[in-house]
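Student: I have a model open and want to check the labels attached to it. Can we go through them one at a time?

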Amino acid sequence: MDTRIILEKQDFTHLQWSHTRSSSGTAGTFLKASERVNGKKIYYKLSNFDSEKGIVGHECINEIIVDRLLTILGVEHLHYQLIHADVEIDGHLYETWICASEDFKEPGETKAALDNYYQVNSTTKISHYDFCVQNGWQGYIDTMLVVDYLIMNRDRHGANIEVLRNARKKTLRIAPLFDHGLSFLCSCFSEEEIADFDIDVDRKCKNFIGGRSTLENLSLIKEKKNVFSNNISEDTKAILFEDLEQVLSAEHIEKIWNMLYKRWLYYESICNS
């Protein structure tokens with residue numbers, strides 16, 4: 001699936017949404033749906049849904065920003081489409097933005113959450129990080145830790161990292177990076193909260209690998225070199241937020257960019273020290 005934004009409003013009232021409580025400790029419900037389109041399974045998700053206030057979050061928009069960011073940095077990841085759409089939830093019509101993505105499993109593959117895979121396959125009290133290194137996934141995990149720091153991902157629990165196995169072909173691989181909605185200013189639901197959001201605060205996050213701080217988790221990376229094939233510059237802003245001025249306020253965009261670029265400059269300073 002190509003990364004793109006569909007600005008013209010689409011009718012997705014046919015989708016049946018399932019309710020999933022947030023796994024990160026944030027309040028709210030995240031609704032998901034799926035269907036087959038031209039033989040491919042497509043997954044859809046909504047931003048934070050409140051039964052009284054409606055769709056109040058902007059996690060779907062965060063997904064498209066991170067999608068673009070990882071493309072620029074040369075990181076393998078799940079691609080999303082951001083779609084302006086009408087949806088129906090519990091008999092009520094909502095105009096909103098939804099994310100769509102294709103199934104990243106190849107034919108014959110089954111998936112397992114990394115935390116479950118660790119429990120089954122770890123025979124010693126090895127750390128989660130060292131277990132991944134032992135399985136040949138160090139480069140992937142180091143890159144993930146930096147990405148999560150840059151975007152302040154609050155939700156990299158053990159099920160948001162997946163192991164894909166093909167028993168017949170005897171292959172094992174880590175799934176492309178996915179699920180970055182609970183990042184940036186995901187805790188802000190109003191312009192006042194956006195204005196008050198302090199980009200310098202190191203907020204607690206839910207991480208299967210490392211601790212509760214994405215900043216402190218950078219210390220797990222043993223080689224202090226840039227894990228990316230490309231870099232971020234001030235010109236990156238225009239690419240990340242193209243067409244999103246119709247979705248987010250100028251203040252919201254500016255706050256996300258300032259946080260991301262400040263974190264990038266700090267990461268660069270670590271690599272060059």
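Tutor: Start with the largest cavity, which holds about 70 Å³ of space. The model is predicted: local features need pLDDT of at least 70, side-chain atom pairs count only at pLDDT 80 or more, and totals for chains, interfaces and linings use all residues. Residues are numbered from 1 along each chain as its sequence is written, and side-chain values use heavy atoms, with hydrogens and water left out.

Student: What makes a space a cavity?

Tutor: On a 1 Å grid over the protein atoms alone, it is a set of points where a 1.4 Å probe fits but cannot get out. The volume is the space filled by probe spheres set on those points. The whole structure has 1 cavity of 30 Å³ or more.

Student: Which residues line the largest cavity?

Tutor: Leu218, Ile221, Glu223, Lys224, Lys225, Tyr267, Ile270 and Cys271. A lining residue has an atom within 4 Å of a point. The lining divides into 5 nonpolar, no polar and 3 charged residues. Tyr and Cys count as nonpolar, Glu and Lys as charged.

Student: Why are Lys225 and Glu223 called a salt bridge?

Tutor: A salt bridge needs a side-chain nitrogen of Lys or Arg within 4 Å of a carboxyl oxygen of Asp or Glu. The closest N and O atoms of Lys225 and Glu223 are 3.5 Å apart, so the pair qualifies. The whole structure has 14 salt bridges.

Student: Why is Lys225 called exposed, and Glu223 partly exposed?

Tutor: Exposed means over 50% relative accessible area, buried under 20%, partly exposed in between (1.4 Å probe, protein chains only). Lys225 has 52%, so it is exposed. Glu223 has 46%, so it is partly exposed.

Student: How do you know that Asp200 pairs with Lys262?

Tutor: Their closest N and O atoms are 2.6 Å apart, which makes a salt bridge. The pair links distant parts of the chain: Asp200 sits in the loop between α5 (191-196) and β13 (206-207), Lys262 in helix α7 (residues 250-272), 62 residues apart. Helices are DSSP runs (H or I, at least four residues), strands likewise (E, at least two), numbered from the N terminus.

Student: Why does Glu59 have no salt bridge?

Tutor: Side chains of opposite charge can pair when their charged atoms come close. For Glu59, the nearest side chain of opposite charge is Lys45, 9.1 Å away.

How values were computed:
Lys, Arg positive; Asp, Glu negative; His and termini not counted. 1 Å grid on protein atoms, 1.4 Å probe; cavity = no way out; pocket = protein on both sides within 12 Å on 5 of 7 lines; lining within 4 Å.
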